[in-house]
Amino acid sequence: MGDPIELHVGEDHRVAGLLQGHLTYAGMVSESIYSIVHKREVGADYAYNLFFPVTKRDIVLAGVDLHVESVNDDRIVFRIRQEPSRQS
């Protein structure tokens with residue numbers, strides 16, 4: 001796994017292989033749900049929110065594996081797995 005990435009609400013991180021885009025931490029909509037935004041910039045400019053329960057720690061987004069180490073209302077810490085997922 002790669003180095004930990006820490007994002008505070010509104011901060012983003014460019015992710016290689018993620019459809020030429022960024023991930024942005026959008027905070028928590030409730031005590032049990034957090035949101036990550038996928039922003040795409042190549043081919044078309046758009047963004048969409050994804051919502052996950054706080055218990056969801058392994059996420060596959062556009063073929064990129066993320067492991068969430070910690071999440072709270074102000075920040076998220078995750079790692080990107082180096083090898084692409086074979087799950088759909």
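These legends describe close-up views of a predicted model of one protein chain.

**View 1. Confidence along the predicted chain.**
The protein chain has an average pLDDT of 86. A score of at least 70 is reached by 84% of the residues. Strand β1, residues 5–8, has the highest confidence, with a mean of 97. Strand β2, residues 12–15, has the lowest, at 88.

**View 2. An open sheet of four strands.**
The strands run in the order β2-β3-β4-β5, and their pairing is antiparallel. Which strands form the edges? They are β2 and β5, the latter spanning 46–53. Each of these two pairs on one side only. From one strand to the next, the twist averages 30°.

**View 3. Where β2 meets β3.**
These two strands pair in the antiparallel sense. Four bridges join β2 and β3. R14 is placed opposite H22, a residue of β3.

Strand β3 covers residues 21–30, and strand β4 covers residues 33–40. How many bridges do β3 and β4 share? There are eight, in the antiparallel sense. The bridge partner of S30 is I33 in β4. Two residues lie between the strands of this hairpin.

T24 sits in strand β3. Is T24 buried or exposed? Its relative accessible area is 8%, so T24 is buried; the cut-off for buried is under 20%. The T24 side chain makes a polar contact with the side chain of K39, at 3.5 Å. Leaving aside neighbours within four places in sequence, T24 is in contact with G10, E11, D12, S35, I36, V37 and K39.

The closest N and O atoms of D12 and K39 are 3.3 Å apart, in a salt bridge. D12 lies in strand β2 and K39 in strand β4, so the pair ties together parts that are 27 residues apart in sequence. D12 is partly exposed, with a relative accessible area of 36%. K39 also counts as partly exposed, at 29% relative accessibility. Side chains of opposite charge can pair when their charged atoms come close.

**View 4**
The C-alpha atoms of A47 and T24 are separated by 9.7 Å. Along the chain, A47 and T24 are 23 residues apart.

A search of the whole structure finds four salt bridges. In one of them, the side chains of E6 and R75 meet, with an N to O distance of 4.0 Å. Why does this pair tie together parts that are 69 residues apart in sequence? The reason is placement, because E6 lies in strand β1 and R75 in strand β8, residues 75–80. E6 counts as partly exposed, at 44% relative accessibility. R75 is partly exposed too, with a relative accessible area of 28%.

The side chains of R79 and E69 meet at 2.2 Å, N to O. This pair links distant parts of the chain. R79 is in strand β8, and E69 is in strand β7, residues 64–71. The two residues are 10 apart. R79 is partly exposed, with a relative accessible area of 23%. E69 is partly exposed as well, at 37%.

Technical notes
Residues numbered from 1 in each chain as written. Predicted model: local features only at pLDDT ≥ 70, side-chain atom pairs only at ≥ 80, totals over all residues. Heavy atoms only, no water. pLDDT = per-residue confidence, 0-100. Buried < 20%, exposed > 50% of the residue type's maximum accessible area, 1.4 Å probe, protein only. Polar contact = N/O pair within 3.5 Å; in protein donor to acceptor, adjacent residues only side chain to side chain. Contact = heavy atoms within 4.5 Å. Pairing = 2+ DSSP bridges. Axes fitted to C-alpha atoms, helices over the stretch in contact; angles between N-to-C directions.
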